[in-house]
Amino acid sequence: MLGAIAGDIIGSIHEFGPPAPPGTPLVDPRSHYTDDTLLTLATMEALLEGADYASVYRRAWEAEPNQSWGARFQQWAREPGAAPYNSFGNGSAMRVSPIALWFQDRQQALEAAAASAAVTHDHPEGIKGAQATVDAIQQARDGRTGDAILAAVCERYGYETTPSLDALRASSRYNETCQGTVPPAIQVACQSASFEACMSTCLTLDADTDTLACIAGGVAEARFGVPDWAVELVQTRLGHEQWALVQRFYQEG
Ligand SMILES: [Mg+2]
């Protein structure tokens, strides 16, 4: 969704860098979309066209093989018909947000989240990360408070959070797993007072920043909406056809 794509773009230039100081601008001329956006768009395509997840994810890689894809994902994408590789990387959670919007029903959404994850990330933590992300977005869509969403996600998925965002910042360490990225992403989205605040906090964590901000951005969109400047950021960074796909997804989803 737009919030997730905006998060990926905002986090892109901080992906391999140290945590950014508070007050770092969210919009930077160098910001760009990464694999998180391409796979989020692919999930939209799967839902709109009724295509299978494995095919759209492989096509996304084929279209831009020089993005910063995970090494094992690339290997999988290169080989038609390759089996899932038991991953619990955060890739299953960063591409899943459109499913939360597409399905009204929670159970259907959770099943679809599992299906989208399982083509590559069939480890239980990989499946869980996708489901927890969809669950949090749907709860936010349904108007639940940040505290209620966070408590429910921790209980249902066995995730642990820190007492505050300051504590989260202090304990954060770079981590590319679902279980190391999804809980802090949902915590930041649930404990921030606005979309902007959520994005700003994401940049200050020691993290896989684009993916953290992508997952948090999907939840923050459902809580607060996406501000105009962030919509504009997405529109200016995406190609014409990519932007048209997003528009179509919001019209039909
Ligand atoms: Mg990325």
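Which side chain of opposite charge is nearest to D36, and how far away is it? In this predicted model, D36 sits in helix α2 and is buried without a salt bridge; the nearest side chain of opposite charge is that of R95, 10 Å away. Here, buried means under 20% relative accessible area, exposed over 50%, and partly exposed in between (1.4 Å probe, protein chains only). A salt bridge is a side-chain nitrogen of Lys or Arg within 4 Å of a carboxyl oxygen of Asp or Glu; Lys and Arg count as positive and Asp and Glu as negative, with His and the chain ends not counted. Helices (H or I, at least four residues) are DSSP runs numbered from the N terminus. The model is a prediction in which local features need pLDDT of at least 70 and side-chain atom pairs count only at pLDDT 80 or more, while totals for chains, interfaces and linings use all residues. Residues are numbered from 1 along each chain as its sequence is written, and side-chain values use heavy atoms, leaving out hydrogens and water.

The side chain of D36 does make polar contacts, with the side chain of T34 at 2.9 Å and with that of T211 at 2.5 Å. A polar contact is a pair of N or O atoms within 3.5 Å; within protein, one must be able to donate a hydrogen and the other to accept it, and residues adjacent in sequence count only if both atoms are side-chain atoms. E221, in helix α13, is likewise buried with no salt bridge, and R141, its nearest side chain of opposite charge, is 11 Å away.

Elsewhere, charges do pair: the whole structure holds 9 salt bridges. One of them joins R30 to D28 at 2.9 Å, N to O; R30 is exposed at 59% relative accessibility, whereas D28 is buried at 15%. Another joins R59 and E45 at 2.8 Å. This pair links distant parts of the chain, with R59 in helix α3 and E45 in helix α2, 14 residues apart. Both ends are partly exposed, R59 at 42% and E45 at 25%. K128 and E125 meet at 3.3 Å; because they are 3 residues apart in helix α8 (residues 124-141), about one helical turn separates them. A network of salt bridges links E49, R248 and E252.

Turning to the open spaces, the largest pocket holds about 490 Å³. On a 1 Å grid over the protein atoms alone, a pocket is an open set of points where a 1.4 Å probe fits, with protein on both sides within 12 Å along at least five of seven lines, and lining residues have an atom within 4 Å of a point. Of its 26 lining residues, G70, G89, N90, G91 and E176 are the closest to the centre. Helices α2 (35-49), α4 (71-78), α5 (91-94) and α13 (209-224) each supply at least two lining residues. The lining of the largest pocket comprises 8 nonpolar, 10 polar and 8 charged residues, where Ala, Val, Leu, Ile, Met, Phe, Trp, Tyr, Cys and Pro count as nonpolar, Asp, Glu, Lys and Arg as charged, and the others, Gly among them, as polar.

The second largest pocket holds about 280 Å³. Its lining includes E45 and R59, along with L38, V56, E241 and L245. Helices α2, α3 (53-63) and α15 (240-252) each give two or more residues to this lining, which has 7 nonpolar, 1 polar and 4 charged residues.

Methods:
Grid points are joined across faces, edges and corners, and a volume is the space filled by probe spheres set on the points.
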